[in-house]
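Hi,

Here is the structure I promised to pass on. Have a look, and my notes follow below.

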Amino acid sequence: MKNYDLAVIGAGSGGLVAALTANRRGMKVAMLEKDKIGGECTHSGCVPSKTLISSARHFRQMKNSQSFGLPMLSETYDPNFSSVMEHVDTVVQSVYQNEQPKFFEDQGIDVFLDSLGAQFINSHEIKIGDDHIQANHIVISTGSSPRMAPHDGANLINFLDNQNFWDIREKPKSILFLGGGVISVELGQSLARFGSKVTIIEQNSRILQVVDEEIARMASELLEHEGIKLLTGTKVNNCIQSEGNKVVLQVEREGRDEEILTERIFVALGRMPNVDGLNLENAGVNYSTYGITTNDYLQTSAPNIYACGDVTSRAKFTHIASYQAEICVENIINGNQRINDLTIVPWAIFMDPEIGHVGLSETQAQEANSEIQVFRVGADTVDRFKTENSTEGFLKIIVGPDNKILGADAVGNHAGEWIQFFTLAMRHDLPMDNLADLIFIYPTFSEIVKKVTSRYLRTIESAIQTSKVN
């Protein structure tokens, strides 16, 4: 039996950070994985999806190049979708080159790979393949998997999800996304730009439940303008494999039962924590349908075992997994760091234009406190957006009664980048005038931050002057 200071189960974003951080801090580390190192983000999530999105965006610009003063690509031009997907795979493999087992072994981290994964024997002992290891502490970072769609029979032959989608090379003539969340919006828009007939079904009254209502309306209008059909208020009751390798969806819409025929379906109905097969009961680790239960220090019910990322967090983002992994290691060594307020966690949706968010939405802020102020600036007021011919979007900030930033929503070119100004301000309680005092490079997209903070200061100054007059 091999002995370690720390065993990390799962070599995705959280697991990699936990293993590397612990190794740098002098711990003897083992990393256990059932598939490829890099996890979902590298192989079936962030890296391939953003590559496809980029290709689709460039293709759309080629078709609209006349608006840039350039010759326009023929409307009838049909791109080689197989080449696009090969390009996506090339990018994935280039990232994966830095995540091979040898990279970690050269740094002194022992890597164990087996298709059955790790199985707890007790709270300190783990079996993986033919190996048994013992560890003083353990971090579980096994991620999550797509939730399956309702269907008849043991096998639904013709379904796609974010894991197997990247294997296809033939462009779907028609594809229907189950669920109106982030994955459906990002990949649906990309496929529509390549010529697929795209439909998105959402059980709720609108798509993108996680975003501000104003942004959801704008996103819906943009997607529909690009030819995507949105069926909201629609419940999927069953999926049946049909003749011709197509799928029939039995749905309930506006009180009526309907059937929809499509070539392919893409299941994006949420995520399930990867806890099966770990034998968590043997280690005394409590869990539920939401994942492994942890305290504010990311410690499980077994004192020497911690968990991070999708397997424990409802905020399923790569950057959350990485952040939590560092906290796990810190608490194993020093035991004194709580997780921060996750309302100050930024996130982005990489549709075109991008959506960025941090903190409370306008609706959430109003529900918490009626005395809020909202400041909004359109992207069309900033010169850089004009030079890029991408003036769709805006920046909206929500300020509380004590002039504290409660949240910010952004839509526009690279919104995921300039929303970070507000993440920094909120994290360190910086007042709005600190942002307004910054010198912003001209012309940049981030000047929109300067404009909205300046609008805030003018409003405050005006209120002060009015108060003096009265």
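How many helices and strands does the chain have? There are 15 helices and 24 strands, where helices (H or I, at least four residues) and strands (E, at least two) are DSSP runs numbered from the N terminus.

Before the rest, some housekeeping: this is a predicted model, in which local features need pLDDT of at least 70 and side-chain atom pairs count only at pLDDT 80 or more, while totals for chains, interfaces and linings use all residues. Residues are numbered from 1 along each chain as its sequence is written, and side-chain values use heavy atoms, with hydrogens and water left out.

On overall shape, the radius of gyration (over C-alpha atoms) is 24 Å. That agrees with a compact globule of 470 residues, which would come out near 23 Å (the rule is 2.2 Å times the number of residues to the power 0.38). Along the principal axes, the C-alpha atoms fill a box of roughly 75 × 65 × 45 Å.

Of the contacts (heavy atoms within 4.5 Å) with a separation of 6 or more, 62% join residues 24 or more positions apart.

Then there's an open, parallel sheet of 5 strands, ordered β8-β15-β9-β10-β11; strands pair if DSSP finds at least two bridges between them. β8 (159–160) and β11 (229–232) each have a single partner strand, so one side of each has no neighbour in the sheet. Further in, β9 (residues 174–178) pairs with β10 (residues 197–202) over 5 bridges, and L176 has T199 in β10 as its bridge partner.

Cheers
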